[in-house]
Amino acid sequence: MLVRNKLPSPFPCKRQSFNTGDSRSLSQKRSPVKRPRRAVVLSEGTMLLKDKKELVANAIRGVPDFPKKGILFWDITTLCLDPAAFRCCIEAFTERYKDKKIDVIAGFEARGFIFGPPLALALDCAFVPLRKPGKLPGETIGASYDLEYGSDRIEMHTGHIKQGQRVLLIDDLVATGGTLGAGIKLMQQVGAHIVEAACVIELPELKGRKKVTDAGAELYVLIEKEGA
């Protein structure tokens, strides 16, 4: 259903009214700036999951030859430009995990930080960032993973995820699965229970799913895209 009214917030806040002593209405005091608004989809209660996934898929652009020639880069910043599509993305994850008793969402630097916090709010759970070395100010624990040439590492603050907590790992995309594999290893180090690893996009040709499952976690994705 298409509407032209303001979307209701999934995280409602109470409005406060202030008496300034002036009896004029706000519209009398100040003329609002008129901005053109396009129709958006109210997905709550009106869209099937497959329709939400289609909206998400169509909102993500492919950028050829980035970061180097021969690579097709899937850019989720265009998804963030579309409030209806971004809402559908968070709702699709929320529907899957709302009854899974998630304690913590652990999001990977950097694009996991886009999807993790709004999902944590929707699920009423904590969010913990998984960062590159040297980015966190406190004592950290980490796990390394292999790159094509060399290795890299992710870290989190010590004690921010505790033994037995139910954790959801989240990132924007799974390609070879190296980063997710390191996240799984890190959760295993602290004795957390990994409910699942979740990504918006999977590139099946790169076989990252096998690396994730071999590491000991199940993988859930919203959409698949081509890429190598």
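Buried means under 20% relative accessible area, exposed means over 50%, and partly exposed lies in between, with a 1.4 Å probe and protein chains only. Keep that in mind for the close-up views below. This is a predicted model, in which local features need pLDDT of at least 70 and side-chain atom pairs count only at pLDDT 80 or more, while totals for chains, interfaces and linings use all residues. Residues are numbered from 1 along each chain as its sequence is written, and side-chain values use heavy atoms, with hydrogens and water left out.

**View 1. The whole protein, as a starting point.**
The protein has seven helices and 11 strands. Here helices (H or I, at least four residues) and strands (E, at least two) are DSSP runs, numbered from the N terminus. Of its 228 residues, 40% count as buried. The accessible surface of the protein comes to about 13,800 Å², and 52% of that belongs to carbon and sulfur atoms; such areas come from the Shrake-Rupley method with a 1.4 Å probe, and for residues only the protein chains shown count as cover. A contact means heavy atoms within 4.5 Å. Among contacts between residues at least 6 apart in sequence, 61% join residues at least 24 apart.

**View 2. The largest nonpolar core.**
A nonpolar core is a set of buried Ala, Val, Leu, Ile, Met, Phe, Trp, Tyr and Cys residues joined through side-chain atoms within 4.5 Å. The largest one here has 32 residues, and those with the most contacts inside it are Ile-60, Phe-93 and Ile-105. At least two residues of this core come from each of helix H2 (49–59), helix H4 (83–97), helix H5 (112–123), strand S9 (166–174), strand S10 (193–202) and strand S11 (219–224). Which element gives the most to this core? H4 does, with seven residues. Look now at Phe-93: leaving aside its neighbours within four places in sequence, Phe-93 is in contact with Leu-119, Ile-170, Ala-198, Cys-199, Val-200, Tyr-220 and Leu-222. There is also a second, separate core of 27 residues, which includes Ala-143, Ala-192, Cys-199 and Val-221.

Helix H6 covers residues 178–189; at 1.5 Å a residue, its 12 residues should span 16 Å, and its end C-alpha atoms are 17 Å apart, which agrees. The expected span is 1.5 Å times one less than the number of residues in the helix. Which residues of H6 are buried? They are Gly-178, Leu-180, Gly-181, Ala-182, Gly-183, Ile-184, Leu-186 and Met-187. Just after H6, Gly-191 takes a positive phi of about 80 degrees.

**View 3. His-157 in strand S8.**
His-157 sits in strand S8 (residues 151–157). Is His-157 buried or exposed? His-157 is buried, because its relative accessible area is 16%. Its side chain reaches the backbone nitrogen of Gly-138 at 2.9 Å. Apart from neighbours within four places in sequence, His-157 is in contact with Leu-136, Pro-137, Gly-138, Glu-139 and Thr-140.

Asp-172 is placed in strand S9 and counts as buried, at 5% relative accessibility. Setting aside neighbours within four places in sequence, Asp-172 is in contact with Ile-76, Arg-111, Phe-115, Cys-199, Val-200 and Ile-201. Glu-224 belongs to strand S11 and counts as exposed, at 55% relative accessibility. With neighbours within four places in sequence left aside, Glu-224 is in contact with Glu-202 and Pro-204. Glu-224 and Leu-173 are 51 residues apart in sequence and 9.5 Å apart in space, C-alpha to C-alpha.

**View 4. Salt bridges.**
A salt bridge is a side-chain nitrogen of Lys or Arg within 4 Å of a carboxyl oxygen of Asp or Glu. A search of the whole structure finds 11 of them. One joins Asp-75 and Arg-61 (2.8 Å, N to O). Asp-75 lies in strand S4 (residues 72–75) and Arg-61 in strand S3 (residues 61–64), so the pair ties together parts that are 14 residues apart in sequence. Asp-75 is buried, with a relative accessible area of 8%, whereas Arg-61 is partly exposed at 46%. Another salt bridge pairs Lys-132 with Asp-152, the closest N and O atoms being 3.1 Å apart. Lys-132 is in the loop between strand S6 (126–130) and strand S7 (140–146), and Asp-152 is in strand S8, 20 residues apart. Lys-132 is partly exposed, with a relative accessible area of 28%.

Note on methods: A polar contact is a pair of N or O atoms within 3.5 Å; within protein, one must be able to donate a hydrogen and the other to accept it, and residues adjacent in sequence count only if both atoms are side-chain atoms.
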